[in-house]
Amino acid sequence: MLETTTITQTVIIPAKPVQVYDAFVNPKKHEVFTGAKATGEGKVGADFSAWDGYITGTYVELQRARRIVQQWQTTEWPEGYPPSKLEFTFEEADSGTKVTMVHSEVPSSQAEAYRQGWFDYYWTPLQEYFS
């Protein structure tokens, strides 16, 4: 049996929900805050990549400014594991947008690295980008 883990994180980003949503689905905006190449189109069924191809996936569900669901994996994904499920929800908050991320079906052997990676490569750069 393939052992998997679910990572749940909640952060506040100092921007409107639509701005945070766009930073994820618009490859040009994604490149600005990450500093790395991103590709794709923000449409259900479309493929995307981020971090110079390190991350690849497919959009499963999109509700503008409210929710993103993706199939998601990296170039380091263990053989035999299907892509993980990544869900972002965006809610208006006093100081910006409350982003809740549920990253499920992550190979357990990699969960700790991804748990930290979300802060290092997404939450901190997004907070700086919108500050």
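Before you start, note that the model is predicted, with local features needing pLDDT of at least 70, side-chain atom pairs counting only at pLDDT 80 or more, and totals for chains, interfaces and linings using all residues. Residues are numbered from 1 along each chain as its sequence is written, and side-chain values use heavy atoms, leaving out hydrogens and water.

**Stop 1: the sheet**

Switch to a cartoon view and colour the strands. Helices (H or I, at least four residues) and strands (E, at least two) are DSSP runs, numbered from the N terminus. Seven strands make an open sheet in the order E1-E7-E6-E5-E4-E3-E2, with antiparallel pairing. Strand E1 (4-13) and E2 each have a single partner strand, so one side of each is left without a neighbour in the sheet. Two strands count as paired if DSSP finds at least two bridges between them.

**Stop 2: two hairpins**

Select residues 47-50, strand E3, and residues 55-63, strand E4; four bridges join them in the antiparallel sense. Find Phe 48 and look across to Gly 57 in E4, which stands opposite. Four residues lie between E3 and E4 in this hairpin, and Trp 51 in the turn has a positive phi of about 55°.

Glu 61 has Val 69 in E5 as its bridge partner. The hairpin of E4 and E5 has three residues between the strands, and Ala 65 shows a positive phi near 65°. On to E6: E5 pairs with E6 in the antiparallel sense over six bridges, and Arg 67 stands opposite Thr 89 in E6.

**Stop 3: the helices**

Show H1, which lies across E1, E4, E5, E6 and strand E7 (96-107) and runs at about 155° to E6. H3 packs on the sheet too, touching E1, E3, E4, E5, E6 and E7, and its direction makes about 15° with that of E1. Axes here are lines fitted to C-alpha atoms, for helices over the stretch in contact, and angles run from 0 to 180 degrees between N-to-C directions.

Now select helix H2 (residues 27-34) together with helix H3 (residues 111-130): their axes are 9 Å apart, at an angle of about 95°. The two are therefore roughly perpendicular to each other (65 to 115 degrees). Show side chains where they meet (heavy atoms within 4.5 Å): Lys 29 and Phe 33 are among those from H2, and Tyr 121 and Leu 126 are among those from H3.

**Stop 4**

Finish at the largest cavity, with about 140 Å³ of space. Of its 19 lining residues, Phe 24, His 30, Phe 48, Ala 50 and Gln 70 are the closest to its centre. E3 provides the largest share of the cavity lining, three residues.

On a 1 Å grid over the protein atoms alone, a cavity is a set of points where a 1.4 Å probe fits but cannot get out, a pocket is an open set with protein on both sides within 12 Å along at least five of seven lines, and lining residues have an atom within 4 Å of a point. Grid points are joined across faces, edges and corners, and a volume is the space filled by probe spheres set on the points.

Note on methods. Parallel < 35°, antiparallel > 145°, perpendicular 65-115°, else oblique.
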